[in-house]
Amino acid sequence: MNNCGKARAHTNIALIKYWGKADEDLILPMNNSLSVTLDRFYTDTKVTFNPEYTKDTLILNGEEVSDDEANKIYRFMDLVRERSQTSMYAYIESINYVPTAAGLASSASAYAALSAACNEALQLNMSKKDLSRLARRGSGSASRSIFGGFAEWEKGHDDETSYAHAIDANDWENELSMVFVVINDKSKKVSSRSGMSHTRQTSRFYQYWLDHVDEDIQSVKEAINNKDFKHLGEVIEENGLRMHATNLGAQPPFTYLVPDSYLVMEIVHQCREAGYPCYFTMDAGPNVKILTEKKNQQYILNALLQHFKEEQVIASDITHTGIEILE
Ligand code: PMV
C-alpha cells in the first residue's frame, strides 16, 4: 500500500464572519459563516505515513518546524489516526503559496490541504462533507476551504452536523475579485482563537452580533441569487464592522484595526463616491480586503497605490477549485 498523499487547498476570506465557539474542543461555532475561496493563495501538502516512524515531522516551506510549534498540527494528526484507526506517524511537507510578508492567515488552506492529503494517503474515501468536518477540527475557517467559490459553514450542533458546503452562484464569482491591502502592524497580535473566546465571554455587544448574523447570511444568499453586488457589499461590510465592534465591547476592549486600516476604509468610500462600487472586510488582524467587480479593479488598485507600496496591494480572483489531489 502506498501511504503517501498530496493535496492543494486555497485560502478563503469570510464575507459573513465566524466569531466565537460554542465548543472550543470540537470547534463548533456560535454562528454560520460564508466565504469566498481565493485563487492566489494556497497550500500544497504532502503526507507520508510509515510504520517505522517514531514521531510526526513537519517541514514547512523547506524547513523543519520545532515540535513545540508543530504541536497543534500533531494533535490534529492524532485525530486523523483515531478516525482512521492507524497508529502510523507521518512526515508532512507543506508549502504555503502566500506572497512573502503578506501577513495573511494560512491556517484555512493548511488544514484543508492536510485533511485531503491524509485522506488520500490512508485511502479513507472521505466525502467532502467529512473532509470539511475534519478540517474544521484544525481551524474552523478550514472547513470552508474544501470548496471553491462561495461556501457556507453550517454551525450545526455537534461534530456530525457542523460542516461547510458550496453555494452555487451561477458563475457570478468569475466577475468578482478581492484586493488585499497588507498593512504593517506593530501592535501586539491577538490570535483569532483567543480574540473570539475573550469576546464571546465578555463582550456587551456579543448577543447583538448573534441576533443579526442569520439575517446577514440570508441577505448575502439573496444578493448572490440576484447577482446584486451593491446589496452583497453593503451586507458584508456591515457584518465585518459588527464583528469588530464586538471586540470593542469586550472587557477589556481590544481591536485588530490600526490607523492604516481606517485609511483603506476611507479610500473604499471615496472609490464608491466616484462611482466604483467596492466594499471592505477585515479579520483578526489589521489588513483590509476589498471585494470588487473585476471591471472596476484597476481603478481601485490605482486609488490604493497613491497611499500604499506596490507590494502591499495584491489582487486575487475567486477560484472555482476546491481541494485538489496532486501527483
Ligand atoms: O478559523 P480561525 O481560527 O482562523 O478563525 C477565523 C476567524 C475570522 O477569520 C476572523 C473569521 C472567519 O470566518 O474566517
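Keep in mind that the structure is a predicted model.

Let's begin with helix α2, which covers residues 107-121, and helix α3, which covers residues 128-138. Their axes come within 8 Å and cross at roughly 130°. That angle makes α2 oblique to α3, and the crossing is right-handed. Where do the two helices meet? On the α2 side you will find Tyr111, Ala112, Ser115, Ala116 and Asn119, while α3 brings Leu131, Leu134, Ala135 and Gly138. The residues of this contact divide into 6 nonpolar and 3 polar, with no charged ones.

Val264, Ile267 and Cys271 in α7 meet Tyr299, Ile300, Ala303 and Leu304 in α8. What kinds of residues make up the contact of α7 with α8? There are 7 nonpolar residues, no polar and no charged.

Finally, turn to the ligand. It has 13 residues around it, and Tyr18, Ser139, Ser141, Arg144 and Ser192 come nearest. The side chain of Ser139 has an N or O atom 3.0 Å from an oxygen atom of the ligand. With Ser141, a polar backbone atom is 2.8 Å from a ligand oxygen atom. Arg144 places a polar side-chain atom 2.7 Å from an oxygen atom of the ligand.

Conventions: Residues are numbered from 1 along each chain as its sequence is written. This is a predicted model: local features need pLDDT of at least 70, side-chain atom pairs count only at pLDDT 80 or more; totals for chains, interfaces and linings use all residues. Side-chain values use heavy atoms; hydrogens and water are left out. Axes are lines fitted to C-alpha atoms, for helices over the stretch in contact, and angles run from 0 to 180 degrees between N-to-C directions. Helices (H or I, at least four residues) and strands (E, at least two) are DSSP runs, numbered from the N terminus. Angles under 35 degrees count as roughly parallel, over 145 as roughly antiparallel, 65 to 115 as roughly perpendicular and the rest as oblique. A crossing is left-handed if the near helix is turned anticlockwise from the far one by less than a right angle, and right-handed if clockwise. Contact means heavy atoms within 4.5 Å. Ala, Val, Leu, Ile, Met, Phe, Trp, Tyr, Cys and Pro count as nonpolar, Asp, Glu, Lys and Arg as charged, and the others, Gly among them, as polar. A residue is near a molecule or strand if one of its heavy atoms lies within 4 Å of it. A polar contact is a pair of N or O atoms within 3.5 Å; within protein, one must be able to donate a hydrogen and the other to accept it, and residues adjacent in sequence count only if both atoms are side-chain atoms.
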